[in-house]
Amino acid sequence: MNAGKMKRIQRILRDDGKTVIVPMDHGVTNGPVAGLTDMEDILRKVALGGADAAVIHKGIAKRFDTGRIGLIIHLTGSTSMSRDPNWKVQVCSVEEALRLGADGVSIQANVGSAREHLMLKEMGKIAEDCERLGIPLLAMMYPRGKDVKDEHAAELVAHAARLGAEIGADIIKTNYTGSPETFRDVVRGCPVPVIIAGGPKVKTVEDILQMVYDSVQCGGAGVSIGRNVFQHKDPTAMVKALSAIVHENASVKDGLKVLGEKT
């Protein structure tokens with residue numbers, strides 16, 4: 001890893017090798033969803049909570065400052081209105097992201113989708129650009145397509161994670177497999193740090209905290225959680241709770257106390 005990339009990745013991963021990232025790139029896919037109508041406000045709130053980085057698209061990065069937290073610019077996108085929403089295409093270059101002050105860039109590849117081959121080809125070129133320019137690459141690798149019956153199936157998640165690392169990603173974001181035993185195999189099979197996605201808004205806060213705790217206990221490198229942070233009634237406290245579990249080895253009960261929830 002060259003010196004530039006090493007310095008930048010240290011703005012995303014703390015000294016413990018873990019991270020709490022809040023992705024807020026949903027506006028491209030779904031428009032101004034609840035929690036992301038006022039980007040300046042939500043960026044301030046997650047920064048106050050101690051997030052390590054935020055994922056946003058280039059247009060938001062041009063207009064708003066992420067402050068002291070790491071800036072990851074998302075390079076790919078599609079909309080929910082598309083005939084093929086699983087096909088993520090490149091909408092920003094690595095060079096443009098660097099001009100905007102990015103500490104890292106991210107892409108999404110849906111493994112098992114009809115145009116998987118195009119996304120992987122694009123990812124290979126982006127990984128090459130990242131290595132040349134010294135910027136970390138976060139790859140969001142999901143088993144997703146018409147023949148994928150279970151996006152959380154351990155063998156599929158393990159394959160998607162390893163695929164991202166093989167093509168050149170520095171950090172992998174993927175689905176939690178549902179149990180520490182199966183997710184441990186995902187981590188063991190991937191030579192770069194693996195962080196988990198938050199998925200849809202959960203019914204209880206305890207559910208998301210338990211998932212985060214379990215993933216970290218079996219070797220996960222943290223989280224990249226969006227809706228369950230920016231749609232929470234107190235995003236700042238939610239980030240604090242996640243950070244306590246990821247970085248301080250806090251329990252789920254401790255996390256609930258940070259949120260003022262009954263245990």
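Mentor: Begin with a definition: helices (H or I, at least four residues) and strands (E, at least two) are DSSP runs, numbered from the N terminus. Keep in mind that this is a predicted model.

Trainee: Then which loop holds His232?

Mentor: Look at the two helices on either side. One is α10 (227-230) and the other is α11 (235-248). His232 lies in the loop between α10 and α11.

Trainee: Is His232 buried or exposed?

Mentor: Buried means under 20% relative accessible area. His232 has a relative accessible area of 9%, so His232 is buried.

Trainee: Which backbone nitrogen does the side chain of His232 reach?

Mentor: A polar contact needs a pair of N or O atoms within 3.5 Å. Here the distance is 2.9 Å.

Trainee: On to the strands. Which residues of β2 point one way, and which the other way?

Mentor: In a regular strand the side chains alternate between the two faces of the sheet. Strand β2 covers residues 53-56, and all four are buried. Ala53 and Val55 point one way; the other way point Ala54 and Ile56.

Trainee: How many bridges join β1 to β2, and which residue of β2 is the bridge partner of Pro23?

Mentor: Strand β1 spans residues 19-23 and runs parallel to β2. The two are joined by three bridges. For Pro23, the bridge partner in β2 is Val55.

Trainee: And which residue of β3 is the bridge partner of Ile56?

Mentor: Strand β3 (residues 70-74) also runs parallel to β2, with four bridges between them. Within β3, Ile56 has as its bridge partner Ile73.

Trainee: What hand does the unit of β2, α4 and β3 have?

Mentor: Follow the path from β2 through helix α4, residues 58-63, to β3. Those three elements make a β-α-β unit. Its hand is right-handed.

Trainee: Now the pockets. What volume does the largest pocket have, and which helix gives the largest share of its lining?

Mentor: The lining has 34 residues, with His26, Tyr142, Arg144, Gly199 and Arg227 nearest the centre. By class, 10 are nonpolar, 17 polar and seven charged. At least two residues each come from α2 (26-30), β4 (76-77), β7 (137-143) and α9 (205-217). The volume is about 750 Å³, and the largest share, four residues, comes from α2.

Trainee: Which helix gives the largest share of the lining of the second largest pocket?

Mentor: This pocket has a volume of about 170 Å³ and a lining of 13 residues, with Met24, Gly27, Val28, Met39 and Ile60 nearest its centre. Seven of the lining residues are nonpolar, five polar and one charged. Both α2 and α4 supply at least two residues. The largest share, three residues, comes from α2.

Trainee: How many cavities of 30 Å³ or more are there?

Mentor: Rolling a probe the size of a water molecule over the atoms shows where empty space is left. The largest cavity holds about 30 Å³ of space. The count at that cut-off is one.

Trainee: Which element supplies the largest share of that cavity's lining?

Mentor: The lining residues are Thr76, Lys88, Ile107, Gln108, Met119, Glu122, Met123 and Ile126. They divide into four nonpolar, two polar and two charged. The largest share, four residues, comes from α6.

Technical notes. Residues numbered from 1 in each chain as written. Predicted model: local features only at pLDDT ≥ 70, side-chain atom pairs only at ≥ 80, totals over all residues. Heavy atoms only, no water. Buried < 20%, exposed > 50% of the residue type's maximum accessible area, 1.4 Å probe, protein only. Pairing = 2+ DSSP bridges. Right-handed = clockwise from strand over helix to strand, strands pointing away. 1 Å grid on protein atoms, 1.4 Å probe; cavity = no way out; pocket = protein on both sides within 12 Å on 5 of 7 lines; lining within 4 Å. Points joined across faces, edges and corners; volume = space filled by probe spheres on them. Nonpolar A, V, L, I, M, F, W, Y, C, P; charged D, E, K, R; others polar. Polar contact = N/O pair within 3.5 Å; in protein donor to acceptor, adjacent residues only side chain to side chain.
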